[in-house]
Amino acid sequence: MYKAKLFFWLFLGVGLAVPAFARDIKNNNCIVCHADQWEQMKESIHARHQITCDRCHGGDPAQEDMEAAKAPGTDFVAVPDKKQTAERCGQCHADVEAMNFYGLPTDQLARYKTSAHGKLLFDHGDEHGAVCTDCHGYHDVVAVMDPQSPVYPLNLPATCNRCHGDKAVMAPYKHPTDIFEKYKKSVHGVALFEKGDLSVANCVKCHGSHGAMPPGVKEIGATCGKCHINEKRYFLEGPHAQASQDGYFSECASCHDYHDIQRPDTNLYNTACLNCHSEGDEAFKRGQKIKEMIDSSSRALSDAGELVKQAAMEGIFVDEETAALEEARTNVLEMAPRQHSLSVENIGELYGKATALTQEIQNGVRTKRQSLRWRKIALVPLWIFIFLMVVVLRKKYDQLKGKEHE
Amino acid sequence: MRNYIKQWFARRFDLEGMNKPLQKQLHKPLPKHINWFHTLGSMSLFLFISQVLTGILLLVYYRPTVGEAFESVKFIMTTAHAGWLYRQIHAWGANLMILVVFLHMLRTFLTGSFKRPRELTWVVGVVIFILTLVFGFTGYLLPWNQLAYWATTVGTEIAGAVPWIGEFTKTLLRGGSGVGGETLSRFFVIHVIVLPWLLFFIVAIHLFLVRYQGIATMDPVGEEKQPKEGEGIPFFPHHVLKEGIVFFILLGILITLSVVAPFELGEKADPLTTPYAIKPEWYFLPMYQVIKYFPKLIGIFVTGLAPLLLLIWPFLDKSREKRLLRRPISMTIGILTIFSLLFFGMLGHLSETKTKFFGKTYEFDIYGRPHAVAAEVPARSP
C-alpha cells in the first residue's frame, strides 16, 4: 500500500510537472490591467502550460507596480514588431531543451529564415512577409491539430488566402490572387472541404510550412510524388522523365496543372497531349491506344459489376464472379498509376488480365442463367409425364368403377 | 427364377400364413364416403419419406459446425451434383409437409373422424403435427444463415419465458447462454436422429390404429357400421389409384416450386448484426403475432393453449354426430380458428413492413396496425 501511494504521488508529480521557464499564473500581475488580453489568452495552449505574458512581451509580471513591471532592463516590448515576433517565438521554439518536454521540433525559426516569407522580412525588411503570428494567431494561439487553429488543415487554405487572396498585398510581388478559389474547386479542395479528408494536399503539403517556398519546375514532381508514389515511380520509367530532367516538361503540372487540379480522366489524352504533340504523331497515337485500353477495361468492369449485381438479385450464387470482379477491379485501378509510364505493353498486360476476368464473369453468369433456364424447361417434360400418369391412373380407376357397376 | 426364390422362402417361412393378413389389409374395404381428401394422410407419409431421402443426401455434404454449416449448404447448392434440387425439395418438402399434415388434421376434424373410438389416433396425430413443427424449427437453423440464427434466438427466448422451466429449457436448447455452435449441434442431433426415429415410431402407431380401427364412417358414434367384404371401396387398387394420382400431382408441385421459387440461402449468421424485423417461418407466424398482444406470460399461456386444446379436443367434443352441418358449434369453432390463423398470420406477415395499397403507402407497426406514410418528396436536383 505504501509503495502504491508513493507511486501515485510520483506519477502525479511527473504528470503535473512544468518546465522551469513556465511561471505560476497566479503571480502574473499583467492581467490585472490587461484583463481583456487575458480573456483571449486564457484558453490558449500557452496559458494552459503556464507560459505567461513576459515570455513574448518581456517585463516583470511579478511586480505589482505597473512602472516597475515595465522598467528598463526587464526587456519589455509593448507590441513586438515582426522580426522581434519571430525571434521571441524562437526563444522557446528553437530551444531544444525547452521543446524537448513537448516533443516539438525546434527548426521552425531556422527554416523560416530560409523561406520566401522569412527572406522577405529578414533580408529585405519587408513587413509584408508573414511571420509566426500571421498564421498561428497570437494571444489565442492553439495547437496545430486543434480544429480552432487557423493552421488546422481545414482552415489553413483560408489562412494563407488572407494575404495571398489580397490583391493589394500581392500586387508588388505579381502573385495571382485566385489560388484559393482554384484550389477550392480542385480535386484536393473538394476532398478537403466536402469530404473532410485532412490528409489531402493543401498549401503547406506542397509548399512547406515554416520553410515555405514555391516548388520549381523540376521540384514539382517530387512534391506530388510524396503522396502519389506509384505515379511518380511509373513516370520515371516513361519517356517524359528525361524531358523533365532537361527542364522541358514540368513533371505533373504539364498535364494536370497545379492549383486547380481536376480529377483526371482519360480525356486528358485528347487535350493535354496536344499541348506538345500533334494528332498524327507516334506519341499521340500511343497515348490514344493507352486511353482506349483504359476506357475499354473500365467499361467492361462496370458492365461486369452490374451483371454480378443483377445476378445476385436473381438469387444466383456469384461468389466466384465477385472474387473475379475484385481482381479485375484491382487491375483496372492499377492502370491509373501505371499509365504514367506511357508504355502500351505495361498497360496492355493489365488490360489483358482485366479483359480475361470480365469475360470470365460474363461467361460464369451466362452459364448459371442458362442452367436455371434449363431447370425451368425441364419442368415441361416432367409435367407431361405427370399428366400421362394421372390420365392412365384415372382411366384405370374409372375402368374399375365401371366394372363394379356392371 | 421367381419360383425358385419363392420356393426358397416357402421352405423356410410360412408364406401362406403371412400372406393372408397382408392380403386382408390390402383389400380391406373402405367406407363409401371416402374421397380425394382422404389421400392427405398418405401424402403426409410420402412427404415424410421424401424428407428422409433428401435429408440423407444433404447429410453427405452438410457439416454441423458454425464454421462450416453455411459454407457446406452453399456447396450443396452450387457444386454438389443435383444438390440444388434435393436441397430445395427438402426445404419445400418441409413446408408442404406441415401444410399437408395440417390439412389432414382439418379433414379429420371436419368429418368428425376423431370421435370415439378413435380419440387416441387423433392424439397421436396431433403429436405428429407438433413433431413436424419441431422438425421445421430445428431444421431452419441448420443452414446457419442470418434469418435462421435470429429466428432461433427469438424462438428459444420465447421458450425461456415459460414460468419455472423456461430458463432451463432455453439453456438446454441453446447449450449455453446464446445461440452458437452448441445450439447448432443440438438442433442437428434432434433434427436428424431424434425426430426422424420418434416420428417413424409414432407414425407406425398412427397407421396401426388407423388400420386396426378402420377408417371412420359418417355414422353417429356408437352406430358405426364398418363395410364388410364386397361392400365399400377396396383399399387396393381403388383407393391406391387415387393416391397415385395425388402423389404425382404433389410430386410435380414439389419439384416445380423447387425450380420456380427456390429458397435463398441469404447471408451467413452474424451474431453482431441484428436484422430488422425478425420473423419466424409462416407456420409459426400466427402464434408469434398473438404473443405480441399480451403481456409476456399471458401470451405464452394463450399460445400454449392451442396445442393443448388440439390434444384434448376428442374428450371435449363428445357429441355423437359426425356430419359437419349437424355440429354447428364445432363448425363455428373450426371456421373461427381457420380465420384467426389466416388473420394473425397475415398481420404477422405485414407487421414491420411498408406496403402499398391502392397507391398509398402504409407502414405496419409490430402489432400489424397500418399507419399512412406521407408521400416521399423527391430530392430537388441542384
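This is a predicted model: local features need pLDDT of at least 70, side-chain atom pairs count only at pLDDT 80 or more; totals for chains, interfaces and linings use all residues.
Let's start with a charged residue that sits inside: B:K292 is buried, yet it has no salt bridge. The nearest side chain of opposite charge belongs to B:E352, and that one is 4.3 Å away.

You'll find B:K292 in helix α11 of chain B, which covers residues 285-292. If you set aside the neighbours within four places in sequence, B:K292 is in contact with B:S351, B:E352, B:I366 and B:Y367.

Now zoom out to the whole of chain B. It has 13 helices and 5 strands, and its C-alpha atoms fill a box of roughly 90 × 55 × 50 Å along the principal axes. Of the 382 residues in chain B, 42% are buried. Take the contacts in this chain between residues at least 6 apart in sequence: 74% of them join residues at least 24 apart.

Next, the greasy parts. In soluble globular proteins, nonpolar side chains tend to be buried together. Here the largest nonpolar core has 46 residues, and B:L47, B:W122 and B:L199 touch the most other members. Which elements give two or more residues to this core? From chain A there is α24 (344-405), and from chain B there are α3 (40-61), α5 (83-110), α6 (119-141), α9 (181-213) and α10 (235-260). The largest share, 10 residues, comes from α5(B).

Not counting residues up to four places away in sequence, B:W122 touches B:M105, B:T108, B:F109, B:F114, B:L310, B:L311, B:W313 and B:P314.

Leaving out residues up to four places away in sequence, B:T138 touches B:F187, B:I190, B:H191 and B:L195. Is B:T138 buried or exposed? With a relative accessible area of 3%, it is buried. The side chain of B:T138 makes a polar contact with the side chain of B:H191 at 3.0 Å, and the B:T138 side chain also reaches the backbone oxygen of B:F135 at 3.1 Å.

For a contrast, hop over to B:D270, in the loop between α10 and α11 of chain B. Its relative accessibility is 26%, so B:D270 counts as partly exposed. Beyond its neighbours within four places in sequence, B:D270 is in contact with B:Q146 and B:W150. B:V194 is 76 residues from B:D270 along the chain, and their C-alpha atoms are separated by 28 Å.

Finally, cross to chain A and find helix α23, residues 319-338. This helix has 20 residues and reaches 29 Å from its first C-alpha to its last, close to the 28 Å expected at 1.5 Å a residue. Several of its residues are buried, including A:E321, A:A324, A:L325, A:A328 and A:N331. Further along α23(A), A:V332, A:M335, A:P337 and A:R338 are buried too.

Note on methods: Residues are numbered from 1 along each chain as its sequence is written. Chains are lettered from A and ligands numbered from 1 in the order in which they are written. Side-chain values use heavy atoms; hydrogens and water are left out. Helices (H or I, at least four residues) and strands (E, at least two) are DSSP runs, numbered from the N terminus. Buried means under 20% relative accessible area, exposed over 50%, partly exposed in between (1.4 Å probe, protein chains only). Lys and Arg count as positive and Asp and Glu as negative; His and the chain ends are not counted. A salt bridge is a side-chain nitrogen of Lys or Arg within 4 Å of a carboxyl oxygen of Asp or Glu. Contact means heavy atoms within 4.5 Å. A nonpolar core is a set of buried Ala, Val, Leu, Ile, Met, Phe, Trp, Tyr and Cys residues joined through side-chain atoms within 4.5 Å. The expected span of a helix is 1.5 Å times one less than its number of residues. A polar contact is a pair of N or O atoms within 3.5 Å; within protein, one must be able to donate a hydrogen and the other to accept it, and residues adjacent in sequence count only if both atoms are side-chain atoms.
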